[in-house]
Amino acid sequence: MSDIKNNLLEVKNRIQLACEGANRDKKNVSLIAVSKTHPKELVREAFVAGQLQFAENYVQEGVDKIEALDDIRKNIIWHFIGPIQSNKTRFIAESFDWVQSVDRLKIAQRLSEQRPRDLPDLNICLQVNISGESTKSGVSPTEALLICLDIVELPNLSLRGLMAIPEPGASLQSMKDFHHLFLEIQKHLKRHQFKNKFDTLSLGMSDDLEPAIRSGSTMVRIGTAIFGARNAEEPPETLEEE
Ligand SMILES: *Cc1c(COP(=O)(O)O)cnc(C)c1O
């Protein structure tokens, strides 16, 4: 059995055990394979092993990979999870199915305007900074509700939930607080007869998927545990617009 197939089984096993420990149904936790820096051949290998959702961090690399894997495009759900410069939004709006790293209203507005009309609504998560470090992107927890209320008004987008990248070794309490914020916003949107599903709490990576699932995560984003260690170097960005 290939490494990737084996790694996928191991990660699924970890998810199942974490769900059992938390008394949750594993159907409510989706697994996103983070393929950043890894070649398209490995994405295909994971796809053949049954993995259907993938995430990329860098616009140029992601767009290139999606195009190179065009023959399986219809079977894959592609997530964008990296920092977003406003002059790159068009490429994201045209190529991806989800954008989890929206961290300001301006980015949501541009994605809304630039989403091609013949494609389904772009699924959006608002990224929240739950570690309070100035270096990490994401809105503060106190701003999150108001920004969500603005995003739900935008056409061509479907606001699906919240995403966070806790600092390594973050406390279980900070993850539980994040889940609480998610439930509060969900309740608020329901009261306002918001029609779309606000059902996604994207939290958990290779090293912290267990506490994330215990804290209510519905979507874990796993890179290293599936594809192995990444080269430290970031790929160059060459796409330019505006
Ligand atoms: C790289 C990355 C991941 C995956 O991290 P691993 O530790 O390799 O599992 C998840 N989410 C985001 C936003 C990332 O940038």
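This is a predicted model: local features need pLDDT of at least 70, side-chain atom pairs count only at pLDDT 80 or more; totals for chains, interfaces and linings use all residues.
Ground rules. Local features need pLDDT of at least 70, side-chain atom pairs count only at pLDDT 80 or more, and totals for chains, interfaces and linings use all residues. Residues are numbered from 1 along each chain as its sequence is written, and side-chain values use heavy atoms, with hydrogens and water left out.

Now the ligand. Which residues are around the ligand? They are V34, K36, N57, I81, I165, M205, S206, R221, I222, G223, T224 and R230, each with a heavy atom within 4 Å of the ligand. This shell splits into 5 nonpolar, 4 polar and 3 charged residues; Gly counts as polar here.

Next, polar contacts, meaning pairs of N or O atoms within 3.5 Å. S206 puts a polar side-chain atom 2.5 Å from a ligand oxygen. G223 uses a backbone N or O atom, 2.8 Å from an oxygen of the ligand. R230 has a side-chain N or O atom, also 2.8 Å from a ligand oxygen. The ligand taken alone exposes 390 Å², and the protein buries 90% of that (Shrake-Rupley method, 1.4 Å probe).

On to the pocket. The ligand's space is the largest pocket: more than half of the ligand's atoms lie within 2 Å of its grid points. A pocket is an open set of points on a 1 Å grid over the protein atoms alone, where a 1.4 Å probe fits, with protein on both sides within 12 Å along at least five of seven lines. Its volume is about 800 Å³, the space filled by probe spheres set on the points. There are 37 lining residues, each with an atom within 4 Å of a point. Closest to the centre are K36, I165, M205, R221 and R230.

Note on methods:
A polar contact is a pair of N or O atoms within 3.5 Å; within protein, one must be able to donate a hydrogen and the other to accept it, and residues adjacent in sequence count only if both atoms are side-chain atoms.
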